Amino acid sequence: MSSNRRRREPVPRPELRCVCGHELRRYWPYCPSCGRGQIWPDTGQVTGAECYHCGWVVSDAYWFCPWCGADIYEEGPSSEVPLKAPKGFRYHARCDWGCGGGLEYPMPHCPWCGRDQTWRDDHDFDGSCPHCGRGVNDWMIHCPWCGNDATGQDLMRPALRRVRRLLGTSRIKPWGYRVLLRPGVSGVDPRWPKIVEIEQRYVTDRRSRTEIDWSMLVGLIAHELGHSFLYHNWRWTRSERFRRAFGEVYKTYRGVDNTWVDFQRRRVATTLPDHVSTYAATHPQEDFAETFRFYVTRRGRMRELFAELGQKRKAVVVYEKFLTLHDYLRGRR
Ligand SMILES: [Zn+2]
Ligand SMILES: [Zn+2]
Ligand SMILES: [Zn+2]
Ligand SMILES: [Zn+2]
Ligand SMILES: [Zn+2]
């Protein structure tokens, strides 16, 4: 037995499962359910070798551990030249650095030159982790690659806490929504009405000293929750009263928010008499989401809201929008 590798009795692992019982994919470093770090040993003694440093399965032919990057070269067993795929491993890609060796997905290091590798795996997953950028699914609690919070909720905690409190005081029961921090755009896909995506750039891509605009984020989340709430209660949109207040929500809709500046405004806009904000005028669905946002951020206090609508000389229909929502919420309780 060499000093750099250890051998042990095969551990039977017929199914790929974490000790918590959750299913895993081979070579995930973390369990997406409980966050436990995983070790992938030489199950069934296929290669007869494990890394002395991390305990993961390696090949005798390797120069470096493809999992932790440790130097495991040994004169004799190690191959003289980089190989595509030694016994026990599959060939999925060439080394990013052109050393001539091959790698199996998702090795983070080249087993031949030891250098870091990048894998593009977002197409296999619902989205990407706000911490490490690797693929994650919407249901995941932990990122299987870095072990951090896969939802990114840890990065927007102050805003989420505030939104939750606002929903509570507005007496809106949670409908199972799940807020995820993701790259791209903020929005809700009607096919997955409970998944609310918030553009991560507002939280993560800041210049060092710029503070996160938490009240903008609270507004943005409340707005997107409005979309989620509406998709979740879609039948309501067919009612006479809803249509009178908000119009035809079935109208062609891109489903993408391209403005967000509006969300910083906590005051009702004066420009358009029929809508609560300028953005609300872009589509009946936006109209609802904006009405929902104002309703929630004002804690459902109708008297206060109506006083402001009066000051801003809003049309009767705007009052009706709030009343329609208010009465519907009361009916759900
Ligand atoms: Zn687990
Ligand atoms: Zn290792
Ligand atoms: Zn390499
Ligand atoms: Zn991650
Ligand atoms: Zn919207």
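At what angle do the axes of helix 5 and helix 6 cross? In this predicted model, the two axes come within 10 Å and cross at roughly 165 degrees. Because angles over 145 degrees count as roughly antiparallel, helix 5 is roughly antiparallel to helix 6. The crossing of helix 5 past helix 6 is right-handed. Helix 5 contributes Met302, Leu305, Phe306 and Leu309 to the contact, while helix 6 contributes Val318, Tyr319, Phe322 and His326. Of these residues, 7 are nonpolar and 1 is polar, with no charged residue present.

The chain as a whole contains 6 helices and 8 strands, arranged along the sequence in the pattern β-β-β-β-β-β-α-β-β-α-α-α-α-α. Of its 333 residues, 36% are buried. Among contacts between residues at least 6 apart in sequence, 47% join residues at least 24 apart.

The largest nonpolar core comprises 39 residues, and those with the most contacts inside it are Val163, Ile198, Leu217, Ile221, Ala222 and Phe292. Two or more residues of this core come from each of helix 1 (157-169), strand 7 (178-182), strand 8 (195-199), helix 2 (214-232), helix 3 (240-246), helix 4 (284-297), helix 5 (302-311) and helix 6 (316-332). Helix 2 gives the most, with 8 residues. Leaving aside residues up to four places away in sequence, Ala222 touches Val163, Leu166, Phe292, Arg293, Val296 and Thr297. In soluble globular proteins, nonpolar side chains tend to be buried together.

Conventions. Residues are numbered from 1 along each chain as its sequence is written. Chains are lettered from A and ligands numbered from 1 in the order in which they are written. This is a predicted model: local features need pLDDT of at least 70, side-chain atom pairs count only at pLDDT 80 or more; totals for chains, interfaces and linings use all residues. A nonpolar core is a set of buried Ala, Val, Leu, Ile, Met, Phe, Trp, Tyr and Cys residues joined through C-beta atoms within 7 Å. A residue is buried if 20 or more other C-beta atoms lie within 10 Å of its own, exposed if 12 or fewer, and partly exposed in between; C-beta atoms are placed from the backbone. Helices (H or I, at least four residues) and strands (E, at least two) are DSSP runs, numbered from the N terminus. Two residues are in contact if their C-beta atoms, placed from the backbone, lie within 7 Å. Axes are lines fitted to C-alpha atoms, for helices over the stretch in contact, and angles run from 0 to 180 degrees between N-to-C directions. Angles under 35 degrees count as roughly parallel, over 145 as roughly antiparallel, 65 to 115 as roughly perpendicular and the rest as oblique. A crossing is left-handed if the near helix is turned anticlockwise from the far one by less than a right angle, and right-handed if clockwise. Ala, Val, Leu, Ile, Met, Phe, Trp, Tyr, Cys and Pro count as nonpolar, Asp, Glu, Lys and Arg as charged, and the others, Gly among them, as polar.
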